[in-house]
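Trainee: I am new to this structure and would like to go through it step by step. Could you guide me?
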Amino acid sequence: MTVSDVTLNNGITMPRLGFGVWQIPDDEAERAVRTAIEAGYRSIDTAAVYENEAGTGRGLKAAGVPREELFVTTKLWNDDQGYDRALRAFDASMERLGLDVLDLYLIHWPLPGHGRYLGTWRALEKLQADGRVRAIGVSNFTAETLQRLIDESGTVPAVNQIELHPYFQQNAMRALHADHGIHTEAWSPLGQGRGLLEDPALAEIAARHDRTPAQVVLRWHLQLGNVVIPKSVTPSRIAENLDVFGFELSEADMTAIGGMDAGTRLGPDPDTMG
Ligand code: NAD
């Protein structure tokens with residue numbers, strides 16, 4: 001299974017589909033990451049706050065795939081915002097991951113009330129200029145925080161990783177990203193596997209394509225142009241979530257899923273988080 005790439009705004013490429021490791025304990029992360037890489041994933045999404053960077057790093061090594069074929073993302077946690085703290089936090093993440101160069105570093109949350117994301121962003125710009133990270137981006141940035149970041153730094157983030165699934169479609173943010181050439185990366189792309197995957201409308205589409213609801217949801221993301229990072233620790237689901245490149249949803253299917261937006265978040269609201 002080969003996953004196609006997107007080209008980020010500084011010319012580097014990133015797989016359209018990767019493996020998320022939130023809530024996987026450190027001692028299980030090695031096996032999960034290795035299983036995912038053996039199944040064909042080449043992009044792994046972790047974060048300092050997941051407390052599994054070390055296990056993720058062991059999984060990357062255990063899989064035995066050349067480093068240049070892998071795309072590794074981690075995120076700077078809220079407590080480490082600010083220029084100096086961000087530089088130190090990056091070093092600590094890299095030490096745990098066992099890597100020299102990171103592919104993508106993200107500010108995890110903007111925390112607008114704390115007012116430190118611009119200083120934090122300058123640290124990420126320096127890390128990129130120093131060749132320690134190949135691309136820099138943000139996560140959970142809103143229209144307002146994203147615009148301020150761009151206006152004041154002049155550096156457009158390569159991605160904004162935001163909550164996005166059929167029950168929370170974020171059409172306004174997707175349009176804003178497109179205007180700036182920012183890639184939309186969807187977190188909780190399967191809606192955390194809760195009610196969404198039992199939705200009868202998805203079941204009907206899935207049955208017609210002889211696919212699972214999870215595959216239909218991931219295919220919907222890909223056809224919209226989103227980068228996705230589904231998570232599972234079950235080997236059969238890890239493989240199933242990658243097997244989404246051999247079928248196509250019709251325009252009617254896309255419209256039907258487009259009509260499922262309930263505007264409800266599963267995770268925190270970035271305006272009030274922190
Ligand atoms: P997800 O939407 O990927 O759902 C994962 C859950 O769905 C699994 O735990 C499992 O219960 C179920 N599932 C997975 N595959 C399935 C299948 N084929 N069939 C049926 N059920 C299936 O949820 P997530 O883990 O919240 O999000 C994915 C990744 O996004 C995370 O691991 C993390 O890397 C990232 N993330 C980032 C942020 C952020 O603030 N930037 C927040 C949350 C998640």
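Trainee: Which atom of the ligand lies 2.9 Å from a polar side-chain atom of Asn 140?
Mentor: That atom is an oxygen of the ligand. Please keep in mind that this is a predicted model.

Trainee: What lies 3.0 Å from a nitrogen atom of the ligand?
Mentor: A polar atom in the side chain of Glu 240 is found at that distance. The protein buries 89% of the 840 Å² that the ligand exposes when taken alone.

Trainee: Which backbone has a polar atom 3.3 Å from an oxygen atom of the ligand?
Mentor: The backbone of Gly 191 does.

Trainee: How many residues surround the ligand?
Mentor: There are 27, and the closest are Asp 45, Ser 139, Ser 188, Leu 190 and Asn 241. Sorted by class, the shell holds 11 nonpolar, 11 polar and 5 charged residues.

Trainee: Which helix gives the largest share of that shell?
Mentor: Helix 9, spanning residues 235–242, contributes 3 residues, the largest share.

Trainee: Changing topic, where is Thr 56?
Mentor: Thr 56 belongs to helix 2, which covers residues 53–63.

Trainee: Is Thr 56 buried or exposed?
Mentor: Thr 56 counts as buried because its relative accessible area is 0%, and the cut-off for buried is under 20%.

Trainee: What lies 2.8 Å from a polar atom of its side chain?
Mentor: The backbone oxygen of Asn 52 lies at that distance from the side-chain atom of Thr 56.

Conventions. Residues numbered from 1 in each chain as written. Predicted model: local features only at pLDDT ≥ 70, side-chain atom pairs only at ≥ 80, totals over all residues. Heavy atoms only, no water. Near = heavy atom within 4 Å. Polar contact = N/O pair within 3.5 Å; in protein donor to acceptor, adjacent residues only side chain to side chain. Areas by Shrake-Rupley, 256 points an atom, 1.4 Å probe, with all protein chains shown as cover. Helix = DSSP H or I, 4+ residues; strand = E, 2+ residues; numbered from the N terminus. Nonpolar A, V, L, I, M, F, W, Y, C, P; charged D, E, K, R; others polar. Buried < 20%, exposed > 50% of the residue type's maximum accessible area, 1.4 Å probe, protein only.
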